[in-house]
Amino acid sequence: MAVSPHLTLVDGSGYIFRAYHSLPPMTRPDGTPVNAVYGFTTMLLKLMADSASDHLAVVFDAGRRTFRTELYPAYKAQRPEPPEDLVPQFAVIREAVRALNVPCLEREGFEADDLIATYARHARAQGARVTIVSSDKDLMQLVRDGVDMLDPMKNKTIGPTEVMEKFGVPPTRVVDVQALAGDSVDNVPGVPGIGLKTAAQLISTYGDLDTLLARAGEIPQPRRRQMLQEHADDARLSRELVRLRDDLEISETLADLGLTKPDPETLRAFLSENGFRSLLARVEAVCGPAPAGTPATAAASPAVDDYHLVTTVAALEPWIAEARHAGVVAVDTETNSLKARTATLVGVSLATRPGRACYIPFAHQPPHSGTLALDGPATGPFAIDDRDGALALLGELLADPGVLKVGHNIKFDLHVFKGVGLDTVAPLDDTMVLSYVLDGTLHGHGMDELAERHLGRTTIPFEAVCGKGKTQITFDRVPLDKALAYAAEDADVTLRLHKVLRPRLLAERLVRVYETLDRPMVPLLAAMEQAGVMVDPLRLRALSETFARRMGDLEDEIHGLAGHPFNVASPKQLGEVLFDEMGLPGGKRSSKTGAWSTDAQVLDTLAGDGHVLPARVLDWRQYAKLKSTYTDALVEDIDPATRRVHTTYGLTTTSTGRLSSNDPNLQNIPIRSEDGRKIREAFVAPPGHRLVSADYSQIELRLVAHVADIKALRDAFAHGQDIHALTASQVFGVPIEGMDPLLRRRAKAINFGILYGISAHGLARQLGITRGEAGAFIEAYLARFPEIQAYMDRVKEEARAKGYVETPFGRRIPTPGISDRNPVARAMAERQAINAPIQGGAADIIKRAMIRLPDALAEAGLTARLLLQVHDELIVEVPKTELDALVPLLRRTMRDTVALTDDKGRTTVPLEVDVGVGGSWAEAH
DNA sequence: CGGATCACG
DNA sequence: GACGTACGTGATCCGG
């Protein structure tokens with residue numbers, strides 16, 4: 001059966017910039033930067049593997065001058081030059097495309113978009129389907145029946161519906177809308193005062209641009225009418241600029257663009273030259289099997305994986321010996337649950353070198369069949385012959401100081417091993433943490449994703465082994481042959497990832513961050529999770545009842561006020577009651593869904609105007625939140641065996657280096673409201689103990705004073721002054737003595753704004769003042785503390801030049817959006833870049849203190865233990881008898897483990913720690 | 001499963 | 001008055 005051809009056209013420039021900005025700097029041995037080359041190559045390889053299309057071409061821009069710059073010299077004139085380390089990569093990327101045997105299309109005097117339009121038209125004429133790979137909105141005008149787009153950023157297909165969402169008109173009218181709205185980034189003039197929304201509305205009303213311009217006199221709004229009449233020629237010019245030319249002469253026919261396998265030797269040569277060793281391993285997959293006699297590459301591994309099932313201690317012994325001999329072993333556990341602390345150990349896999357691994361079953365069930373005996377008697381073995389003997393051997397290996405244990409998210413395995421009495425796993429490395437330190441949140445750190453990315457290997461998905469949804473089985477029910485293939489691969493892949501990632505630490509100067517900040521956190525967090533915190537269920541249940549009663553009363557009152565019952569928890573129904581039925585003023589519709597907004601800000605304004613219903617809903621919401629998220633849910637999270645709640649900390653989740661806490665989240669337990677704070681009374685110390693809470697005072701502002709080197713702030717901190725009052729006195733020119741509390745509150749908001757990468761709008765919103773007033777405050781602030789502006793400029797520049805920013809301790813935080821063409825997205829990336837070293841620096845400091853603490857406690861002979869971390873606060877459980885010794889020790893450890901110093905080692909800003917003690921968290925705080 | 005809302009630092 | 005609003009998280013609920 002003939003299948004219609006399918007042509008994929010890749011917007012090469014978009015791909016290049018995406019590759020460049022999504023990867024940290026990389027260089028090949030001769031110093032040439034290659035991060036964009038590498039990213040581009042992997043993206044194109046992935047596209048070739050995933051795409052169902054049989055024709056492919058990559059289209060490039062040929063230069064800056066095009067027929068459009070002839071027409072209108074300002075067009076795209078303010079585009080910044082590409083980063084200097086990207087320029088030399090353009091030529092290499094064209095080499096990459098050629099090495100992959102993919103045609104490159106480009107034409108002097110035209111943009112890539114025009115070639116794409118032209119080739120798309122020809123392909124359609126020959127009955128082919130077309131997919132354009134790009135996230136450039138300018139290409140959306142080409143979408144039609146048989147032509148769609150693939151946005152590689154979001155991995156999302158763009159068809160007529162998506163174009164309609166973006167522009168408010170069908171693809172055929174996109175150029176008209178763009179002609180009216182213009183584009184400040186590309187210098188397309190458009191008509192002043194008309195943006196995307198208005199343009200779409202006008203075009204929808206009048207049909208097309210020419211009709212609109214002809215009938216502009218009918219526009220009711222005087223200003224809009226005048227603008228349209230005065231700028232009609234600008235609109236026509238704009239249309240010529242944005243409309244793509246699809247009538248270029250073509251140099252290749254559709255047949256010339258047919259997908260062909262690359263020549264393996266050419267491809268190998270290219271990959272070797274650029275040092276893409278991990279990609280070399282994929283050449284066979286891309287080009288077909290290598291001819292006999294091809295020399296093995298550096299990343300060579302057995303052609304067939306050497307995986308073994310180990311069911312006797314006698315068979316296990318040589319594996320342990322092999323691991324000792326190698327000095328490195330990858331370890332992975334299989335369990336019947338994702339709750340590591342309580343999971344049953346089902347099996348363990350070990351990998352001793354790439355491609356060689358074993359699986360030791362500990363608790364597999366006999367195969368399950370509906371009617372017994374139908375498959376004959378179940379035959380073993382389903383577990384290793386001598387469980388205790390095997391665990392003893394394994395325990396020695398795990399504790400052997402001469403053997404590095406490598407795991408992927410090894411914190412999970414530490415809990416599982418602890419569950420079978422194996423307490424010591426050291427030394428250890430974690431490939432998930434390595435990946436996080438190297439690449440931050442540029443991509444996920446799951447093993448499957450990393451295997452694909454770094455090894456070009458598609459791993460067996462868990463669901464392929466255990467199924468999913470209702471029919472999912474636990475791992476102990478998986479037949480041993482499948483369990484072996486899955487589990488051994490996990491250990492194998494972990495070891496291979498370690499070989500790729502560990503050397504990058506040194507090359508990219510991240511050894512210190514990994515070794516002194518994140519790796520030591522792994523066993524420490526495991527111990528904190530294991531310890532848990534004691535929670536009093538009676539206290540929580542009593543609160544639940546109180547909250548339920550108040551909610552019931554409020555609900556009755558709300559329904560009465562509305563005149564009928566409705567679901568108060570439904571923002572949709574509430575919005576209809578408030579704005580459609582009651583006709584209250586001030587309704588805002590969300591731009592996305594068109595639903596009425598009913599958030600606290602909106603309700604608070606209405607309540608302030610004397611409306612009772614919104615005020616009651618605010619109260620109801622507070623109780624609903626406290627009850628469902630905390631008092632009800634936390635009771636369920638108490639482990640009956642320990643009577644404690646055990647959270648799980650995320651070490652590789654946040655963009656800045658902070659921890660996260662989940663299942664349950666113990667980093668967002670209420671404190672700001674009176675009712676909410678009561679929940680902390682349920683977090684208690686066991687009999688004979690106390691909880692101690694110690695938190696850093698103003699740590700992020702201190703970091704600002706340090707990184708931006710602000711003399712006035714440094715002095716204020718050095719002298720222990722009230723920092724917000726000082727700010728108010730500087731900005732508003734009032735004395736500190738007898739200050740108006742309103743001014744101090746405003747200064748405090750400005751200080752927070754600085755941490756967040758201040759904007760007049762954000763500050764205005766926070767303080768309920770006008771944008772102009774907020775702007776004036778910021779101006780006054782920057783005049784008083786001029787170093788802040790220099791810091792912000794410096795950070796933005798660093799982000800643009802390197803693609804990342806750094807904390808004072810060397811942690812790298814990628815800033816992928818920093819050169820985004822969309823000014824809103826770019827501004828957000830800039831604020832993130834400004835905030836990241838501050839938030840991340842504070843995270844580094846508390847991590848250092850946490851890592852130091854167990855040793856400090858041991859040296860002092862104390863048994864107190866760390867239970868919780870909440871970003872700038874540590875909660876420790878301590879026997880009453882140790883209290884007097886612990887409090888000063890904890891304070892000193894947090895305050896003095898890390899010092900903020902200048903390049904001569906002098907302290908720039910001191911740290912301070914507030915400590916509280918009590919029988920509950922509420923009391924201690 | 002995405003969006004709205006709201007708890008924390 | 002075009003664009004959309006401060007930085008970083010996770011849990012719960014609704015509604016398609």
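Analyst: Two strands are taken to pair if DSSP finds at least two bridges between them. Please keep in mind that this is a predicted model. Here, strand S19 (residues 689-696) pairs with S23 in the antiparallel sense, over 7 bridges.

User: Which residue of S23 does His-689 stand opposite?

Analyst: His-689 stands opposite Pro-879.

User: How many bridges join strand S22 to S23, and in which sense do these strands run?

Analyst: S22 (residues 865-869) and S23 run antiparallel and are joined by 4 bridges.

User: What do S22 and S23 form, and how many residues lie between them?

Analyst: They form a hairpin, with 3 residues between the two strands. In the turn, His-871 has a positive phi of about 70 degrees.

User: How should I read the burial of strand S23?

Analyst: A residue counts as buried under 20% relative accessible area, calculated on protein chains only. By that criterion S23 (residues 873-879) is mostly covered, with 7 of its 7 residues buried. Glu-873, Ile-875, Glu-877 and Pro-879 point one way from the strand, whereas Leu-874, Val-876 and Val-878 point the other way. Both sets are buried, the two glutamates Glu-873 and Glu-877 included.

User: Which residues does the UniProt palm annotation cover?

Analyst: The unreviewed UniProt entry places "domain: DNA-directed DNA polymerase family A palm" at residues 676-882. In the model, this span is 57% helix and 14% strand, and its end C-alpha atoms lie 31 Å apart.

User: Which parts of DNA strand B lie within 4 Å of the protein?

Analyst: Of the DNA strand B atoms within that distance, 78% belong to sugar or phosphate, and the rest belong to bases. Individual backbone contacts may then be examined. A backbone N or O atom of Ile-671 lies 2.6 Å from a phosphate oxygen of DNA strand B, and for Arg-672 a backbone N or O atom likewise lies 2.6 Å from a phosphate oxygen.

Technical notes:
Residues numbered from 1 in each chain as written. Chains lettered and ligands numbered in written order. Predicted model: local features only at pLDDT ≥ 70, side-chain atom pairs only at ≥ 80, totals over all residues. Heavy atoms only, no water. Buried < 20%, exposed > 50% of the residue type's maximum accessible area, 1.4 Å probe, protein only. UniProt positions renumbered as here; feature names shortened; annotations may be inferred. Near = heavy atom within 4 Å. Polar contact = N/O pair within 3.5 Å; in protein donor to acceptor, adjacent residues only side chain to side chain.
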